Amino acid sequence: ALEVGAGSGVLTEALAQRVDRVLATDFSPAMIKLLESRMHEIGATNVACQVMDGQALALADASFDVVASSFALMLFPDRARGFAEMSRVLRPGGRAMVSVWDAPERLEALGILLQAVRKAFPELPPPPAPLPIFSLADPLQFRAEMEESGFTEVEIASTARELSVPDFDQLWGMLTVGAPPVRILFDQVGEGGKQRLRDALAELVEQRYGTGEIRTVNTALVATAVVA
């Protein structure tokens, strides 16, 4: 199996338990180092990690039976190229799985983070609308882009999951570790700005959820498809 945009390795870990071999790729060398460390910690000896641009995969045509990408394609500058590359490296009959976030009103955890960003940095210009993270939230557009790249039998399902974390520290880590848009923001605002955001988020979380366990409901769209 090939994973595109592996990030910190949540999907990689699941794939490693289900297939013989996984090639996990990400454009960020820092994320690949993090991923290698995680795979070493869990003893996933069937996973190879490699820096690679998902828009220009350095892989042969028709070389994988399965290609998967979790919450990455929606952020690609050239998403059409990303889908086309996934299609290209799949063997005939090979399967693809792509997950993206649903509309912002169905993503509670990110919604409160965006509120905190506005609270902490009122001087920053508003982000583009819609945010890139929601660029595939329309199932019809999602399906059309995959079909245009050579995929068939595209099926898109909506899946909601309640996420429970025991405290604010774990919520902060979940929302900020490995998320490219957040890393870009931190580069802009520095350590002082990072602390401002943390403080603003902590205040909003306490107002909404109190102290202790935090429960949020978040919805994703998951597309499965094949290559003829």
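This is a predicted model: local features need pLDDT of at least 70, side-chain atom pairs count only at pLDDT 80 or more; totals for chains, interfaces and linings use all residues.

**Entry 1: a loop residue.** I looked up L136, which sits in the loop between α4 (108-120) and α5 (139-148). Is L136 buried or exposed? Its relative accessible area is 0%, so L136 counts as buried. Next I asked which residues touch L136 once neighbours within four places in sequence are set aside. I got M74, R79, F83, V100, F142, E145 and L221. I also checked a distance from here: G210 is 74 residues away along the chain, and its C-alpha lies 33 Å from that of L136.

**Entry 2: strand β2.** I moved on to β2, residues 22-26, and counted five of its five residues as buried. Which residues of β2 lie on which side? I find V22, A24 and D26 on one side, with L23 and T25 on the other. Both faces are covered.

**Entry 3: the partner of β2.** I looked for pairing and found β1, residues 2-4, running parallel to β2 over three bridges. Which residue of β2 does E3 stand opposite? I read off A24, one of the buried residues of β2.

**Entry 4: the whole chain.** I counted seven helices and seven strands. Going from the N terminus, I wrote the order down as β-α-β-α-β-β-α-β-α-α-β-α-α-β. How does the radius of gyration sit with a compact globule? For 228 residues I would expect a value near 17 Å, and the chain has 18 Å, which agrees. The C-alpha atoms fill a box of roughly 50 × 40 × 30 Å along the principal axes.

Entry 5: I took the contacts between residues at least 6 apart in sequence, and 78% of them join residues at least 24 apart. As for burial, 43% of the 228 residues qualify. I put the accessible surface at about 11,800 Å², with 54% of it belonging to carbon and sulfur atoms. Last, I compared the charges: there are 20 positive and 30 negative ones, and their mean positions are 1 Å apart.

Technical notes. Residues are numbered from 1 along each chain as its sequence is written. Side-chain values use heavy atoms; hydrogens and water are left out. Helices (H or I, at least four residues) and strands (E, at least two) are DSSP runs, numbered from the N terminus. The radius of gyration is taken over C-alpha atoms; the globule rule is 2.2 Å times the number of residues to the power 0.38. Buried means under 20% relative accessible area, exposed over 50%, partly exposed in between (1.4 Å probe, protein chains only). Contact means heavy atoms within 4.5 Å. Accessible areas come from the Shrake-Rupley method with a 1.4 Å probe; for residues, only the protein chains shown count as cover. Lys and Arg count as positive and Asp and Glu as negative; His and the chain ends are not counted. The place of a charge is taken as NZ of Lys, CZ of Arg, CG of Asp or CD of Glu. Two strands pair if DSSP finds at least two bridges between them.
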